[in-house]
Structures are given as structure tokens and as C-alpha cells.
Amino acid sequence: PSRGGSLLHQTPSRYVPSHQDLFTRPRGRSHTTTSSKRHTELSAALLPPGKFTAIGMGIGKFYKASPLIAGFLTASTKACFADSMAQYRDTGTTKFDIKRNLAMVLYSGTILGLCCAVMYNQVFPIMFAGETNPLLLAIKMTLFDGFINAPLIWLPPAYIAKALIYNQPKREALQKYVTDVKENGLLKKYWSLWLPASLTNFLFVPAHFRVAFVAGGSFFLVIFLGI
């Protein structure tokens with residue numbers, strides 16, 4: 001016989017079981033193997049790792065190329081969901097307050113989104129340009145952000161935004177802010193969350209994702225403080 005015929009005879013491309021093999025082969029193992037194979041194929045079809053990698057790279061490029069737009073969209077979207085959850089947790093709220101939600105969206109989008117992007121990625125590199133130690137640099141940025149930016153830049157606009165939406169005097173809004181600081185421990189609550197969070201942010205998070213990190217942390221801040 002020819003070489004090809006001999007090979008076909010020795011290693012057939014398809015196995016055809018005999019009648020005896022059908023009854024002697026353990027069925028449970030075959031069923032388990034088939035189910036496992038189908039589960040693996042389904043998982044691979046639903047969660048292809050290549051697509052996740054491509055999506056992650058696309059998000060990273062977007063945050064690098066358009067930091068202000070990315071910051072605004074991230075922070076404003078976060079604020080919408082966080083305030084909605086805060087209102088749901090408030091037992092005294094019987095109706096969804098769309099004005100309050102809009103105030104938080106505008107505040108978070110402009111202050112936390114735009115201003116944080118400028119402060120963290122443009123102002124801080126200039127202010128602390130002489131510091132070469134990564135840990136000391138992160139500590140300096142954390143302290144400045146917590147004790148200077150927070151009481152003067154980050155927190156007061158939240159009250160002003162609320163006053164603008166509700167047509168309230170801005171003076172009363174600032175007085176409420178001072179009252180919350182002196183009597184309700186606003187800054188202590190803020191520092192308890194943001195001092196360690198900011199240190200982590202400045203030390204480990206890439207610069208173009210720092211606003212997204214802030215948005216994630218402020219999600220819980222809006223829920224628990226409900227300002």
C-alpha cells in the first residue's frame with residue numbers, strides 16, 4: 001500500500017466507536033467533560049480578554065488626551081448616582097429632589113472634575129517641582145490638598161451651587177458651611193476619608209486617573225455627608 005494509505009490506516013482522522021464501546025464507555029465522564037467544555041466556550045465568548053484590554057487602553061487614552069472632558073464627565077456622572085443614593089437613604093425624603101441632584105452634578109463636574117484636573121496635573125507639578133522623593137512629594141500634595149484646597153476651594157462651592165439652584169442668598173450658604181465646619185465636624189469627616197485616600201492617590205495612581213480616583217472616593221463622601 002502507499003505511504004498515505006498506510007498512515008490513514010494507522011491514524012484515522014475520525015474515531016467511530018463500536019457497539020460495545022458505546023455501552024462500556026462511562027457516560028458520566030463524557031457528560032461532565034462536554035458540560036465543562038461548553039461552559040468554557042461560553043465564558044470565553046462572553047468575556048473575551050482581548051476586548052477588555054482594548055477597552056482599558058481606550059479609556060486610558062481618552063483620559064490622557066482629554067483630561068478636562070474626562071474629569072467633568074466622570075465627576076458629574078458620579079455625583080448624579082451618589083446623590084440619588086443619598087436621597088434614597090434619607091428617610092425624611094419622600095420625593096426625589098431634582099434641583100439638589102442638579103446642584104451636585106454641576107458642583108462635582110466643575111470643581112471635582114475640572115478644577116481637580118488642573119490642580120493635580122498642572123498646578124501641583126509646578127508647586128512641588130523641586131521634590132524628587134515620591135513619598136515626600138505625595139505627603140506634601142496630600143497636606144496641601146487637605147488643609148488648603150479642601151476648606152477654601154473644594155467644599156464651599158458645594159454650598160454655593162446649592163444656593164444658586166434654590167435661589168437662596170449666597171451669604172446664607174457660606175454661613176451654613178461655617179456652621180457645618182464648627183458644629184457638625186464637616187472637616188473632620190472630610191479629613192478622616194481624604195487624607196489617607198489622597199496619599200494613596202498621589203503615591204500610587206497614575207496622574208491621568210487621579211480625578212477618577214477622586215470621583216470614586218467622593219461617591220461615598222456625598223452619600224455619607226449628604227451635603
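Arg100 and Asp83 are both buried, where buried means under 20% relative accessible area, exposed over 50%, and partly exposed in between, with a 1.4 Å probe and protein chains only. This is a predicted model: local features need pLDDT of at least 70, side-chain atom pairs count only at pLDDT 80 or more, and totals for chains, interfaces and linings use all residues. Numbering runs from 1 along each chain as its sequence is written, and side-chain values use heavy atoms, with hydrogens and water left out.

The side chains of Arg100 and Asp83 form a salt bridge, 2.6 Å from N to O; the term requires a side-chain nitrogen of Lys or Arg within 4 Å of a carboxyl oxygen of Asp or Glu. Arg100 sits in helix H6 (residues 98-127) and Asp83 in helix H5, so the pair ties together parts 17 residues apart in sequence. Helices here are DSSP runs (H or I, at least four residues), numbered from the N terminus.

The structure has three salt bridges. Another joins Asp180 to Lys176, with the closest N and O atoms 3.2 Å apart. Both residues lie in helix H9 (residues 170-183), four residues apart, about one turn of the helix. Asp180 counts as buried because its relative accessibility is 10%, while Lys176, at 47%, is partly exposed. Lys140 pairs with Glu131 at 2.8 Å between the closest N and O atoms, and Lys140 is partly exposed at 39% relative accessibility.

How values were computed. Helix = DSSP H or I, 4+ residues; strand = E, 2+ residues; numbered from the N terminus.
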